[in-house]
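The exercises below are meant to be worked with the sequence and the model side by side. Try each task before reading its solution.

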Amino acid sequence: MTDWSDRCVPQAARLHPYIPGKPVSQLLRETGLTEAVKLASNENADGMPPAALHAMQRACCELNRYPDGDARALKEALADYHGCGIEHILPGNGSNEVLELLIRCFAGVGDEVIYSRRGFVVYALATTAAGAQAVVTEEDASMGHDLAAMQAAITPRTKVICIANPNNPTGTLLSLSQLQAFLDQVPPDVVVILDEAYHEYVRHQLGDTLTVLHHPGLVVTRTFSKAYGLAGARIGYAVADARLLACVNRFREPFNVNSIAQAGAIAALQSSAWVEAHVQRTLAERQRLEAALAKQHMLAWPSHGNFVLLRHHQALTLHARLEQHGIITRPQAACHMPDILRVSVGSKTENTHFLEVLAAVSGDL
Ligand SMILES: Cc1ncc(COP(=O)(O)O)c(C=O)c1O
């Protein structure tokens with residue numbers, strides 16, 4: 001019998017499948033419960049903009065056709081939104097795909113990719129899959145990216161640097177002046193991925209990244225999965241130098257963004273009032289959750305994303321007990337934070353339910 005693991009490319013031995021937040025259906029199957037709340041994947045608890053839903057329903061009627069492989073209408077809508085040309089936009093099957101394409105395009109065997117130990121887990125997966133060398137920096141005292149350490153880690157072999165802002169899972173935020181000071185020190189031929197999956201939650205506070213930050217290799221990635229509510233449609237994009245993206249485009253599969261996602265994203269982009277209302281409600285609920293956790297001495301530190309960070313010396317037991325009561329959170333042991341649970345901001349009712357169950361199950365721990 002062939003041992004297929006021997007036949008894989010060498011880096012396959014170092015790859016582990018991404019473990020997503022547990023789906024509600026799985027928990028119901030496992031526990032026999034009839035209801036559960038998922039606060040594990042930083043999804044949008046308010047649903048999606050109604051215009052996006054209608055656009056996607058209409059797009060279903062044309063599923064016998066391939067999507068526009070160039071996603072022209074979507075690129076035009078995004079270019080208009082960002083005030084740039086369409087050649088500066090590269091849509092992907094979730095920003096996850098964009099991250100993978102970027103790393104695969106610029107880093108291979110013998111090249112180095114720098115990211116933080118507390119960075120988004122996909123940077124590690126994509127780097128390993130590409131056969132490149134990961135250069136992992138420690139976090140700073142506030143659990144965020146240590147930009148000085150990242151700068152010190154740059155070598156002639158550095159091809160890509162990955163930074164999430166706000167970061168997932170730590171929820172930490174770097175200011176634009178910190179980022180620009182860092183970019184000023186990065187050689188011009190290094191790609192710097194600035195992953196802004198949670199940008200909408202800090203937009204008012206941070207300012208317009210794309211007009212303020214400057215570096216020839218800067219690639220800003222955004223997603224429709226969070227504030228726009230389209231996680232299941234899988235759609236994200238990069239904004240960068242046109243020639244840089246033209247290289248990445250060679251790695252893209254022909255129809256990487258399906259037609260439902262393209263239609264939904266265009267309509268979602270035009271639903272700014274809905275998105276803003278969602279953001280404001282999320283920020284208010286995040287504040288309520290953090291205040292309640294602080295009262296119970298369980299607030300790890302404040303977050304800038306659509307999630308909060310709970311610290312408990314028995315985090316895994318707490319996680320299991322919450323699941324027994326139908327609440328799915330996300331342990332962070334795999335991210336070197338064994339005492340942390342990441343809890344997404346849910347609807348008002350879900351958050352209240354979570355706090356009630358938390359108080360009930362944590363009493364004797
Ligand atoms: C920091 C960060 N980047 C990228 C992604 C990927 O998002 P998507 O592929 O849904 O666009 C996520 C998802 O949780 C994230 O937290």
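A residue is called buried if 20 or more other C-beta atoms lie within 10 Å of its own, exposed if 12 or fewer do, and partly exposed in between, with the C-beta atoms placed from the backbone. Helices (H or I, at least four residues) and strands (E, at least two) are DSSP runs, numbered from the N terminus. The model is predicted, and local features need pLDDT of at least 70, side-chain atom pairs count only at pLDDT 80 or more, while totals for chains, interfaces and linings use all residues. Residues are numbered from 1 along each chain as its sequence is written.

**Exercise 1. Determine which residues of helix α15 are buried and how they are arranged about its axis.**

Step 1: α15 covers residues 348-362 and reaches 21 Å from its first C-alpha to its last, close to the 21 Å expected at 1.5 Å a residue (the expected span being 1.5 Å times one less than the number of residues).

Step 2: The buried residues of α15 are N351, F354 and L358.

Step 3: Viewed down the axis of α15, these buried residues fall within an arc of 55°, so they line one face of the helix; the arc is that of the directions from the helix axis to the C-beta atoms. An α-helix has 3.6 residues a turn, so residues three or four places apart point the same way.

Step 4: On the other side of α15, T349, E356, A359 and A360 are exposed.

Step 5: Among the elements that cover the buried residues of α15 are α13 (272-295) and β13 (337-344), where contact means C-beta atoms, placed from the backbone, within 7 Å.

**Exercise 2. Find how many residues of each domain are in contact.**

Step 1: The chain is divided into domain 1 (4-46 + 273-362) and domain 2 (50-271), with bounds from an automatic or database domain assignment.

Step 2: In domain 1, 27 residues are in contact with 24 residues of domain 2.

Step 3: The largest share of the side of domain 1 that touches domain 2, 7 residues, comes from α13.

Notes. Contact = placed C-beta atoms within 7 Å.
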